[in-house]
Amino acid sequence: MSQSLKGEELKQGRPLARSARGSSLGDAIFAALAKAAGVLVLVLLGAIIASLLVGGWPSFRAFGLEFLITADWDPVQNVFGGAVPIYGTLVTAVLAILMAVPLAFGIAFYLTEMAPEWFRRPVGTAIELLAAVPSIIYGMWGFFLIVPFMAEWVQPVLIDALGDLPLVGALFTGPPFGTGIFTAALILAVMILPFIAATMRDVFMTVPDVYKESAYGVGCTTWEVMRSIVIPYTRVSVVGGIMLGLGRALGETMAVTFVIGNTNRLSTSLFGPGNTIASIVALEFPESQAGSLKLSSLLALGFVLFVISFVVLACSRILLQTGRRA
């Protein structure tokens with residue numbers, strides 16, 4: 001009797017042992033594939049950095065750190081400086097964030113706290129559709145509609161009203177051509193608005209209803225609930241959404257190329273033409289000869305853009321970690 005029971009246990013244990021071994025083997029294979037995917041990302045990132053640095057090294061060696069602060073860009077004399085596109089990249093991205101964040105917050109606040117239920121879905125769908133519009137469409141829209149509107153109605157009014165003021169007057173001077181840094185920033189703001197607004201809307205909706213109902217119960221207004229409950233609860237995700245929009249604004253190419261003016265000249269006026277790193281690379285890369293100093297300078301600008309994006313990402317991580325600790 002005991003032998004038969006023992007044999008029966010062995011029969012039942014064999015499939016279980018095989019299943020355990022198969023499960024262990026499957027877990028090992030999955031872990032190896034996941035690790036390989038992670039390592040592949042690091043290898044690709046390192047390859048991109050290395051290729052940009054190696055390709056741009058002749059330019060860094062020829063001009064040194066002056067490459068970052070020199071505004072000259074003369075292919076005839078083989079003199080290249082990245083100050084104009086670096087300045088244009090940073091200014092347009094910052095202005096775009098300053099324009100887009102308040103609008104995105106207003107949209108998210110309205111959709112989550114004030115809009116009726118039947119109205120939230122179509123507006124939310126429209127925001128998501130804006131995020132799917134190709135950048136070249138934004139560029140064409142900006143060139144054919146926004147630029148003439150800015151030249152006829154916006155820039156002349158701002159030049160007359162603010163051009164003579166001390167300190168800030170220099171930002172609003174020059175001929176009203178319609179193109180320029182301010183117009184490029186406006187187009188970028190429209191482009192990154194859906195990303196920031198959709199992120200804010202989604203994270204605002206994650207706040208537990210009991211928190212908001214408790215605040216309403218003690219007499220808080222809608223704005224007080226948003227300021228004291230919703231924003232502190234979601235600030236980490238909100239910062240992440242803003243940095244996501246800033247990352248797209250830094251690297252945008254075609255939409256900016258259509259409206260910024262594409263001039264390698266530093267201008268203190270927001271209405272003056274300029275350039276960004278992405279736009280100058282897109283315009284002049286096809287005309288660059290292999291092994292030329294011009295091509296090396298464009299690759300060096302690409303490396304600088306990568307560094308700027310990395311710094312932005314690092315700052316966002318620091319902000320997120322600070323918010324989590326708080």
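**Conventions.** A residue counts as buried at under 20% relative accessible area, as exposed at over 50% and as partly exposed in between, with a 1.4 Å probe and protein chains only. The model is predicted: local features need pLDDT of at least 70 and side-chain atom pairs count only at pLDDT 80 or more, whereas totals for chains, interfaces and linings use all residues. Residues are numbered from 1 along each chain as its sequence is written, and side-chain values use heavy atoms, leaving out hydrogens and water.

**View 1. A salt bridge between K294 and E284.** The closest N and O atoms of K294 and E284 are 3.3 Å apart, where a salt bridge requires a side-chain nitrogen of Lys or Arg within 4 Å of a carboxyl oxygen of Asp or Glu. K294 lies in helix α10 and E284 in helix α9, so the pair ties together parts that are ten residues apart in sequence. Helices are DSSP runs (H or I, at least four residues), as are strands (E, at least two), numbered from the N terminus. K294 is buried, at 12% relative accessible area, and E284 is also buried, at 15%. Elsewhere, salt bridges with shared partners connect E128, R201 and D202 in one network. Leaving aside neighbours within four places in sequence, K294 is in contact (heavy atoms within 4.5 Å) with P75, F80, E284, E287 and S288.

**View 2. Two further salt bridges, R120 with E117 and R248 with E252.** The count of salt bridges comes to seven. R120 and E117 meet at 3.2 Å, N to O. They are separated by about one helical turn because they stand three residues apart in helix α3 (residues 117-132). R120 is partly exposed at 25%, while E117 is exposed at 60%. In the pair of R248 and E252, the closest N and O atoms are 3.8 Å apart. R248 is partly exposed, with a relative accessible area of 22%, and E252 is buried at 8%.

**View 3. The largest nonpolar core, with 68 residues.** Such a core is a set of buried Ala, Val, Leu, Ile, Met, Phe, Trp, Tyr and Cys residues joined through side-chain atoms within 4.5 Å. I196, M200 and F204 touch the most other members. At least two residues each come from α1 (2-63), α2 (83-114), α4, α5 (181-204), α7 (222-251), α8 (254-259), α9 (277-284) and α10. Helix α5 supplies the largest share, 16 residues. Beyond four places in sequence, F204 is in contact with F105, A108, F109, T112, M226, V230, T234 and V238.

**View 4. Helix α4, with buried G139 and a nonpolar surface patch.** G139 lies in α4 (residues 135-162) and has a relative accessible area of 0%, which makes it buried. Not counting residues up to four places away in sequence, G139 touches A255, F258 and V259. Its C-alpha is 9.1 Å from that of A184, 45 residues away in sequence. The patch consists of I136, I137, M140, W141, F143, F144, L145 and M254, with about 730 Å² of accessible area together; areas come from the Shrake-Rupley method with a 1.4 Å probe, and for residues only the protein chains shown count as cover. Patch members have over 30% relative accessible area and no salt bridge; nonpolar side chains (Val, Leu, Ile, Met, Phe, Trp, Tyr) are joined within 5 Å, and like charges within 9 Å. Helix α4 gives the most to the patch, with seven residues. M140, found in α4, is partly exposed at 36%.

**View 5. Aromatic pairs, including Y211 with Y233.** Rings of Phe, Tyr and Trp (its six-membered ring) pair if their centres lie within 6.5 Å; planes under 30 degrees apart are stacked, over 60 edge-to-face and the rest tilted. There are 16 aromatic pairs by this rule. Y211 and Y233 are edge-to-face, at 5.8 Å centre to centre and 75° between the planes. This pair links distant parts of the chain, with Y211 in helix α6 (residues 209-217) and Y233 in helix α7, 22 residues apart. Y211 is partly exposed at 40%, and Y233 is partly exposed at 43%. One aromatic cluster is formed by F60, F63, F67, W73, F80 and F303.

**View 6. Loop residues L167, T179 and N262.** L167 sits in the loop between α4 and α5, is exposed at 84%, and has a positive phi near 70° without being a glycine. T179 is found in the loop between α4 and α5; its C-alpha is 8.7 Å from that of P148, 31 residues apart along the chain. Neighbours within four places aside, T179 is in contact with V147, Q155, V259, G261 and F271. N262, in the loop between α8 and α9, is not a glycine but has a positive phi of about 55°; N262 is partly exposed at 29%.
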